[in-house]
Amino acid sequence: MKTNKFNIKKSRSWGLIFIFSCIGVFAHGQTVMTIYSGDNQDSSFYHSTVLNDGRMMVGGEYGILKMFDQYGVMTNVEYDNEGVNIIELEQHKNYVYLATDNSQIYRYDLGTGDLIKKSFKQFENRCFYDLIVEEDGTLLVCGGHTGIADGLKKVPHGFVAKINFDTEEVNYLWRNLKKFAWSLDKNAEGEITMAMFNGLNTDVKKLSSNSWKKLGKIKGLVHEIKYKNEELWYCGSSNIRFWKDGIVGKLSNGKNSTLLEKQGCLWSMEFLGDQVYVAGNKGNLVSVNDEGKIIRNFKIQHAQTFYDIELKENGRIFIFGHAKGAYLIQERK
């Protein structure tokens, strides 16, 4: 869930800027540097995407939109910001598509800087919580009632749909009144896989031959699914109390998730070699091996909730999260 991020009260603040200020070197040899650390009232970074030229575009709360180069230098992305929460970003050719929590999708032209905004009436009061851009430019989205993403008690009205951004044509692939669709991914054959939560457990289903086939059930709220070769990994929280215990594991072992007690929801994950890195709710970075055994779990000093991770070449790990938090971890050889 990207839950409590949306309802934090804000006040004007410039925050504190630390460009590449070293926080420390951890036992396993990681050098941690703060790229940006804002005031607690600043907007949060929710999601990032690595562009074809190696830069990273990062969006988040109240429409915050930034660009980071390979060294972590941050610049503003200028656009007509209406204060709408940006939940997901994905590049396709020369465009970056920005999915929001209020039925809007933006298309940003990387060449010209132009931005086109479209509102989809079919998704009024709906949140686009995950986004995949297919090869032909079709948008594959999932989500549900905006209030669910805000941490409110609402009827989920979950959905998975395909959208043609240019023609605004919408084709629903799945709808369910009582479940919220949190995450999407595709396997090597291009089959769509989704994770939806019913308030207690997460069902994982795959679209095959125009019908949804259940792959498994996971105890808890799965916030993200992602294929690693042929295996489907997931991360999230053990229940709707996302601030308590985090979970990470493989679908084949869904009943025996690796539980991180009192660590809070594990929001996002990336793969590096035989390790899975997950972003923690307590400002910590966790890595597990293929068996789900914890290899490392370290807290970054002064950092708060992490929402997204990007793994770069040469052992660099970028982490983005609460209050414009942006950190660079350099794995030392």
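Biologist: What makes up the count of helices and strands in this protein?
Modeller: The protein has 1 helix and 29 strands. These elements are DSSP runs numbered from the N terminus, with helices (H or I) of at least four residues and strands (E) of at least two. The model is predicted, so local features need pLDDT of at least 70 and side-chain atom pairs count only at pLDDT 80 or more, while totals for chains, interfaces and linings use all residues. Residues are numbered from 1 along each chain as its sequence is written, and side-chain values use heavy atoms, leaving out hydrogens and water.

Biologist: Why is Lys179 called buried?
Modeller: Buried means under 20% relative accessible area, exposed means over 50%, and partly exposed lies in between, with a 1.4 Å probe and protein chains only. Lys179 has a relative accessible area of 17%, and therefore counts as buried. This residue lies in the loop between E14 and strand E15 (180–186).

Biologist: Which residues does Lys179 touch, not counting residues up to four places away in sequence?
Modeller: Among them are Pro156, His157, Trp174 and Asp203. A contact requires heavy atoms within 4.5 Å.

Biologist: How many of the residues in the protein are buried?
Modeller: Buried residues make up 59% of the 333 residues. The accessible surface of the protein comes to about 14800 Å², with 46% belonging to carbon and sulfur atoms. Such areas come from the Shrake-Rupley method with a 1.4 Å probe, and for residues only the protein chains shown count as cover.

Biologist: Why is strand E3 described as largely enclosed by the rest of the structure?
Modeller: In strand E3 (residues 45–50), 5 of the 6 residues are buried, so the strand is largely enclosed.

Biologist: How do you know that E3 and strand E4 pair?
Modeller: Two strands pair if DSSP finds at least two bridges between them. E3 and strand E4 (residues 56–60) have 5 bridges, in the antiparallel sense, so they meet that condition. Thr49 stands opposite Met57 in E4. The hairpin of E3 and E4 has 5 residues between the strands, and Gly54 in this hairpin takes a positive phi near 95°.

Biologist: What makes strands E7 and E10 edge strands?
Modeller: An open sheet of 4 strands has the order E7-E8-E9-E10, with antiparallel pairing. Strand E7 (86–92) and strand E10 (115–119) each have a single partner strand, so one side of each is left without a neighbour in the sheet. Neighbouring strands of this sheet are turned by 20° against each other on average, direction ignored. Axes are lines fitted to C-alpha atoms, for helices over the stretch in contact, and angles run from 0 to 180 degrees between N-to-C directions. Within the sheet, strand E8 (residues 95–100) and strand E9 (residues 104–109) pair in the antiparallel sense over 5 bridges. Val96 stands opposite Tyr108 in E9.

Biologist: What is the order of the strands in the open sheet that holds E14?
Modeller: The order is E11-E12-E13-E14, with antiparallel pairing of the 4 strands. Its edge strands are strand E11 (126–133) and strand E14 (170–176), each pairing on one side only. Strand E13 (residues 158–163) is joined to E14 by 6 bridges, and the two run antiparallel. Ile163 stands opposite Val170 in E14.

Biologist: What makes the approach of Lys226 to Met269 a polar contact?
Modeller: A polar contact is a pair of N or O atoms within 3.5 Å; within protein, one must be able to donate a hydrogen and the other to accept it, and residues adjacent in sequence count only if both atoms are side-chain atoms. A polar atom of the side chain of Lys226 lies 2.9 Å from the backbone oxygen of Met269. Lys226 lies in strand E19 (residues 221–228).
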